[in-house]
Amino acid sequence: MVLSDARGRIVLRHAATRRQRVVMDRASAAEGFDYSERSVGTNGIGTALVERRPVLVRGPEHYNPLLEELTCASTPIIEPGTGRLIGSFSLACSMRDVHALMTVMTGDVGRQIEARILDEAGERRRLLVHAYLVLERTGTGALVVDEEAVLANRLGLAHTGPELHPLLWRFLSEHGPDRIRQMQVPLTDGLHDALVEPIRDGGTVAYSVRLLPRRPARPPDDPPVAAPVISGVVPVAVREPLHFRDDVDRQLETAVRHGETIALTGGSGTGKLRTALRTLRRAGGADPLVVEPHLDAGWFEAARTAVTEGRGLVLRRVHASPSPTVPQVQALVAPGIPVVITVDLDNADDAVLGLVRRVTTTVRLPALAQSREHLPALVHAMLAELSEPESATRFSPAVWDLLVSWPWPGNLAELRNTVGLLARRAAGGTVETDDLPDELRTSRRTVGLLQSAEREAVAEALRAACGNRSRAAQALGIGRNTLYRKMREFGIG
């Protein structure tokens, strides 16, 4: 009897008589030896692993002459529920001792091993597998997830990847419903509508996720002119989103469509400048000028020249002193040239608040901690912007777990810097936990009772104040800036 791992390496051998041991030793069929097809050619172990089905290899059918005295019946061992190949079980004997039931016995032992694996996984895993088997043959993608694993049917596999489990489980553990409900869930390729149902057994919980058909794509606000048909193919214009979050993207599109002056606000590193430039391109601002009034005394003349030339304009960090005046901004936006202002209203004085409210339409860019479901898509997009071989870099599942757990106080700027650093270190390979900066490797700390209570206190104060942050800060006995910092830390919108 021989047991191998999924790579064909023998991990256990049992030979009852000395004659059997001699034959097996002569063929190097012992613990530690590699019996994959790649190493040994056709043989019971390696061939069963390659074909993922029971096989019977008779003496001369072996590629290795040392195995020609043996006949081997072998079966792959498949992890129940996941379908993952984890090894093989084989019965081997001399040619003269072959029995007609060898293949049947081998298959029976293999199924017993699989049943034992399922039993040892405990009641929780059996519950997970049972829920998966209920969904497995549905006509749509289906997933079942608990704290340790994700099971997917064939259609659900298109939405999986090493980043899926930490992303989906974190989301469901925080937002999972008490009963079956339709909601959007984050998968590796974006948000999907799904029917989510909790699966409970005692104190444990898992979720079944039945994916719903995608909604028809929202047409662009300004449909492009129909392109000519070339060789029977009609090019389709794809609208690049102005922001990765749909709600923010809709606000920006509406403001652009109505020709409004936009003020982008949000914490440091939330991508205000990049979003401003993308918005100006959508609004028709060619070769936009970026000025920072607090750094350049002659900014107004440069900005007025740019407006006269028909260029787009970004007034950056207008909350910093000295700030532009209302007449200055009004003079720049009057000709109808696209203008975008970036400002941190959380750290602005009353004069800047008045300026922004009188002249602009305000759109707040969220902290990354409030948008964790978009993190995989953001990482992939950032990798795609790099040159080769860095652009081919991938992250191990353990790394994804840590990335999703990290609060990202520096927002998109911190994420972009981290992705670039890891891509340079891996140079197209796979990033492992040892490649991470020290602070990310220790990010999976357990949230203590004190921190949980603090988060709940902040959330309750905001609810009681109907979202008024000044009143919430006053009720908590802290400054407004401290409240904003706590909101970013806890991912509270």
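Is arginine 245 buried or exposed, and what is its relative accessibility? Arginine 245 counts as buried, at 16% relative accessibility. The structure considered here is a predicted model.

- Arginine 245 is located in the loop that runs between strand 10 (204-211) and helix 7.
- The value of 16% places arginine 245 in the buried class, because that class covers residues under 20% relative accessible area.
- Leucine 365 is 120 residues away from arginine 245 along the chain, yet their C-alpha atoms are separated by 9.1 Å.

- Helix 7 (residues 246-257) and helix 8 (residues 272-283) have axes that come within 10 Å and cross at roughly 40°.
- That angle makes helix 7 oblique to helix 8.
- The crossing in which helix 7 passes helix 8 is right-handed.
- For helix 12 (residues 375-384) and helix 14 (residues 411-426), the axes come within 10 Å and the crossing angle is roughly 55°.
- Helix 12 and helix 14 are therefore oblique to each other.
- The crossing of helix 12 and helix 14 is right-handed.

**Salt bridges**

- The count of salt bridges in the model comes to 18.
- One of these joins arginine 282 to glutamate 253, with the closest N and O atoms 2.1 Å apart.
- Because arginine 282 belongs to helix 8 and glutamate 253 to helix 7, this pair ties together parts that are 29 residues apart in sequence.
- Within this pair, arginine 282 counts as partly exposed at 30% relative accessibility, whereas glutamate 253 counts as buried at 4%.
- A salt bridge also forms between glutamate 292 and arginine 316, where the closest N and O atoms are 3.3 Å apart.
- This second pair links distant parts of the chain, 24 residues apart: glutamate 292 is in the loop between strand 12 (286-291) and helix 9 (299-308), and arginine 316 is in the loop between strand 13 (311-315) and helix 10 (326-333).
- Glutamate 292 is buried, with a relative accessible area of 17%, while arginine 316 is partly exposed at 21%.
- Arginine 304 and glutamate 301 meet through their side chains in a salt bridge of 2.7 Å, N to O.
- Arginine 304 is partly exposed, with a relative accessible area of 39%, and glutamate 301 counts as partly exposed at 45% relative accessibility.
- A network of salt bridges links Asp5, Arg7 and Arg9.

**Nonpolar surface patch**

- Leu101, Val104 and Met105 form a nonpolar patch on the surface, and together they have about 290 Å² of accessible area.
- Leucine 101 sits in the loop between strand 5 (85-94) and helix 4 (102-120).
- The relative accessible area of leucine 101 is 45%, and leucine 101 is partly exposed.

**Valine 57 in strand 3**

- Valine 57 is part of strand 3 (residues 55-57).
- Valine 57 is buried, with a relative accessible area of 4%.
- Asparagine 43 is 14 residues from valine 57 in sequence, and the two are 6.3 Å apart in space, C-alpha to C-alpha.

- Most residues other than glycine have a negative phi, and most peptide bonds are trans.
- Serine 321 and proline 322 are joined by a cis peptide bond, with omega about 0°.
- Proline 322 occurs in the loop between strand 13 and helix 10.
- The peptide bond from glutamate 388 to proline 389 is also cis, with omega near 0°.
- Proline 389 is in the loop between helix 12 and strand 16 (394-395).
- Arginine 52, a residue other than glycine, has a positive phi near 55°.
- Arginine 52 lies in the loop between helix 3 (44-51) and strand 3, and counts as partly exposed at 44% relative accessibility.
- Asparagine 411 is not a glycine, yet its phi is positive at about 60°.
- Asparagine 411 is in helix 14 and is buried, with a relative accessible area of 2%.

Note on methods
Residues numbered from 1 in each chain as written. Predicted model: local features only at pLDDT ≥ 70, side-chain atom pairs only at ≥ 80, totals over all residues. Heavy atoms only, no water. Patch = residues over 30% accessible without salt bridge, like charges linked within 9 Å, V, L, I, M, F, W, Y side chains within 5 Å. Areas by Shrake-Rupley, 256 points an atom, 1.4 Å probe, with all protein chains shown as cover. Salt bridge = Lys/Arg side-chain N within 4 Å of Asp/Glu carboxyl O. Helix = DSSP H or I, 4+ residues; strand = E, 2+ residues; numbered from the N terminus. Buried < 20%, exposed > 50% of the residue type's maximum accessible area, 1.4 Å probe, protein only. Axes fitted to C-alpha atoms, helices over the stretch in contact; angles between N-to-C directions. Parallel < 35°, antiparallel > 145°, perpendicular 65-115°, else oblique. Left-handed = near helix turned anticlockwise from the far one by under 90°.
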